[in-house]
Amino acid sequence: MASETEPEETQEQAGRAGSLTLPPDYMTLAPKERREIVWKLALKRSRHRESLDETIRHAGKDGEPAVIPALLVALEADPDTLVKRHAAYGLASIPDQAVASGLRGALPSADRATKGHAIVGLGRLRARDAVPDLARLLDDRYARMLVADALVEIGDEHALAPLRAAAAHGSPVRRYRLRKRIAALETALGLRAARTRT
């Protein structure tokens, strides 16, 4: 508990740091303060696991689901690029389907890092609904390989056609890398083993 002599601003900031929500005056705050709040929320890690072993194993990976509403608001409503980036990073670390729509909404972002976090997060979630949105990014030279990896991780056969189309043109290195992802997806779907047997 703060002492009576402690400045009010310090008490307020301490409350914000420990909260899992955005403060009511969030949008009126300076960009730097909004960034700090969202970054702290993005770094929150889940401690609600079934066992101590699970908690320890996932301590560095899984975000705290209770911050989803705050991070979604920050991602969608805040005009600051860094805030959006921090929010996308936080959402991408939360293994909850509730973040998928927000991450899909971040795919058209002009900021490569925000887009990258969204792509990685959708792959981790194995968000099959995001396959068409991700496939549209296979022509984005900065996002292409992240998208290909995410499509492999999702493991949906609908990703094969766009991956094959993307691997049909471009530099030899690009075609080679994409063909490796296609082979990995075919193996995951059991198609490659079936081909070798016939």
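Arg 112 lies over the face of Tyr 142, at 3.5 Å from the ring centre; a charge is taken to sit over a ring if NZ of Lys or CZ of Arg is within 6 Å of the ring centre and within 35 degrees of the ring normal. This is a predicted model, in which local features need pLDDT of at least 70 and side-chain atom pairs count only at pLDDT 80 or more, while totals for chains, interfaces and linings use all residues. Residues are numbered from 1 along each chain as its sequence is written, and side-chain values use heavy atoms, with hydrogens and water left out.

The protein chain has twelve helices and zero strands, where helices (H or I, at least four residues) and strands (E, at least two) are DSSP runs numbered from the N terminus. Of its 198 residues, 41% are buried; buried means under 20% relative accessible area, exposed over 50%, and partly exposed in between, with a 1.4 Å probe and protein chains only. Among contacts (heavy atoms within 4.5 Å) between residues at least 6 apart in sequence, 56% join residues at least 24 apart.

Leaving aside neighbours within four places in sequence, Leu 163 is in contact with Leu 138, Ala 148, Leu 151, Leu 178, Ile 182 and Leu 185. In soluble globular proteins, nonpolar side chains tend to be buried together.

Leu 185 also touches Gly 155, as do Arg 128 and Leu 189, when residues up to four places away in sequence are not counted. Gly 155 lies in the loop between α9 (144–154) and α10 (160–166), and with a relative accessible area of 17% Gly 155 is buried. Asp 149, by contrast, has its place in helix α9 and is partly exposed, with a relative accessible area of 35%.

Beyond its neighbours within four places in sequence, the contacts of Arg 34 include Tyr 26, Asp 78, Asp 80 and Val 83.

Ten salt bridges are counted, each being a side-chain nitrogen of Lys or Arg within 4 Å of a carboxyl oxygen of Asp or Glu. In one of them Asp 111 pairs with Arg 85, the closest N and O atoms being 2.5 Å apart. Because Asp 111 lies in the loop between α6 (100–106) and α7 (112–125) and Arg 85 in helix α5 (residues 81–92), the pair ties together parts that are 26 residues apart in sequence. Asp 111 counts as buried at 14% relative accessibility, whereas Arg 85, at 28%, counts as partly exposed.

Asp 140 forms a salt bridge with Lys 115, with the closest N and O atoms 2.8 Å apart. That pair links distant parts of the chain, with Asp 140 in the loop between α8 (131–135) and α9 and Lys 115 in helix α7, 25 residues apart. Arg 174 and Asp 139 also meet in a salt bridge, at 3.8 Å from N to O. Arg 174 lies in helix α11 (residues 172–189) and Asp 139 in the loop between α8 and α9, so the pair ties together parts that are 35 residues apart in sequence. Here Arg 174 is buried, with a relative accessible area of 14%, while Asp 139 counts as exposed at 56% relative accessibility.
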